[in-house]
Amino acid sequence: MNDDIPQLIGHEDVQTALNKLLDAGKLPHALLFHGAKGVGKRLTAEVLARRILCGAAPSLMDTGLSYDESSATYAQMAAGSCPDFYTIEPAEGKVSISVEQIRNSISQLALSADGDRVVIIDAAEDMTIAASNALLKTLEEPGSRIHLILITHNLSKLLPTIVSRCRRYRFSQLNESDSLHVVKAQMGEVSEEVKASLEVFKGCPGQAMAMADKGKLAIDAIEKALLSHKSLKGYDILEITEKLNQQKIAPMAMDFLLAKVARMAVDQAADSPKMSILYQQLNKYRQDMDEFNISAQLTLEKSLHDVVSSM
């Protein structure tokens, strides 16, 4: 499809299930897409939004989610000017979704036409408590033909009352073939940097592309540190993290380190649970970094120290 968003690849089970609900006119007002970062949850939500607002593609040969590009609404969505479609995510420079963002978007949709309207919330775990409670009220008393699509990378961080009011769809990591297909569709070729990232972010091509595109320095720094772990001292770790922080890629380096430890945990699971325990600890550091606005440099420094000490 010629479109402003990439081709949707994989997740045939989710696409089929959503298509059945759409065809039967039984799509729930609230959906929750959950799974690892970079597997295609946001893209699926955007394609679904177009399907809801633009209608199905005329071709009956397409068994996946599709939409009518000839629709007048499609042109509005492609231009980012559709009054019936909102995406809510943390504002630039912010780590949380505010209650004002939730209230304003819902209020604006309530004032628009009586037709279908769609709100994508990405990522739902980034909502403040007040924002979560405001959303909960909407979930309890949804407006007519308003569809909410929540995206989360961490289901456990959402209020149980929000989860219980949504139809959940779990997005598995993509297989190797689909991951490569995604990269080729979006980048045209698979560079050596992307290949290296795919080895770490297995099944999560979105993360692999983001890391390879913006974080080669982060990858190189972490890989070099782990290779020289036997001789790495505290001041070396401090120097590494300071440089990454100055280049504003410390969060990326933290994500890469976390993915590396996850891969090490899988590889060593049969021999020792040590890396699995370490991964859980580092994952807690990463979550605290976002939740409590802890310095990315300090989080990475502590994490890298823990990893080196465990190797």
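Axes are taken here as lines fitted to C-alpha atoms, for helices over the stretch in contact, with angles running from 0 to 180 degrees between N-to-C directions. In these terms, in the predicted model described here, the axes of helix 13 (residues 274-291) and helix 14 (residues 296-310) come within 10 Å of each other and cross at roughly 175 degrees. Since angles over 145 degrees count as roughly antiparallel, helix 13 and helix 14 are therefore roughly antiparallel to each other. Helix 13 contributes Lys274, Met275, Leu278, Leu282, Tyr285, Arg286 and Met289 to the contact, and helix 14 contributes Ala296, Thr299, Lys302, Ser303, Asp306, Val307 and Ser310. By residue class, this contact of helix 13 with helix 14 comprises seven nonpolar, three polar and four charged residues.

Helix 14 also packs against helix 11 (residues 234-246), at an angle of about 145 degrees and with the two axes 9 Å apart; the crossing of helix 11 past helix 14 is right-handed. On the side of helix 11 the contact is formed by Ile237, Leu238, Ile240, Thr241, Glu242, Leu244 and Asn245, and on the side of helix 14 by Gln297, Leu300, Glu301, Leu304 and His305. The residues of the contact of helix 11 with helix 14 divide into six nonpolar, four polar and two charged.

Four aromatic pairs are found in the structure. One of them joins Tyr67 and Tyr74, whose rings are stacked, with a centre-to-centre distance of 6.0 Å and 25 degrees between the planes; Tyr67 and Tyr74 are both buried. For Phe201 and Phe256 the ring centres lie 6.2 Å apart and the planes stand at 55 degrees, so this pair is tilted. The pair links distant parts of the chain, with Phe201 in the loop between helix 8 (192-200) and helix 9 (205-214) and Phe256 in helix 12 (residues 250-268), at a separation of 55 residues. Phe201 and Phe256 are likewise both buried.

The peptide bond leading from Asp122 to Ala123 is cis, with an omega near -5 degrees, and Ala123 lies in the loop between strand 3 (117-122) and helix 5 (129-140). Arg145, which is not a glycine, has a positive phi, near 60 degrees, and is placed in the loop between helix 5 and strand 4 (146-152). With a relative accessible area of 44%, Arg145 is partly exposed. A positive phi of about 60 degrees also occurs at Lys248, again a residue other than glycine, which is located in the loop between helix 11 and helix 12. Lys248 has a relative accessible area of 75% and is therefore exposed, since the threshold for exposure is over 50%.

Ile88 has a relative accessible area of 2% and is buried, burial being assigned under 20%. When residues up to four places away in sequence are not counted, Ile88 touches Ile97, Gln101, Ile102, Ser105, Val119, Ile120, Ile121 and Asp122. Asp122, listed among these contacts of Ile88, is also the residue from which the cis peptide bond to Ala123 extends. The C-alpha atoms of Ile88 and Val118, which are 30 residues apart along the chain, are separated by 11 Å.

Note on methods:
Residues numbered from 1 in each chain as written. Predicted model: local features only at pLDDT ≥ 70, side-chain atom pairs only at ≥ 80, totals over all residues. Heavy atoms only, no water. Helix = DSSP H or I, 4+ residues; strand = E, 2+ residues; numbered from the N terminus. Parallel < 35°, antiparallel > 145°, perpendicular 65-115°, else oblique. Contact = heavy atoms within 4.5 Å. Nonpolar A, V, L, I, M, F, W, Y, C, P; charged D, E, K, R; others polar. Phe/Tyr/Trp six-rings, centres within 6.5 Å; stacked < 30°, edge-to-face > 60°. Buried < 20%, exposed > 50% of the residue type's maximum accessible area, 1.4 Å probe, protein only. Left-handed = near helix turned anticlockwise from the far one by under 90°.
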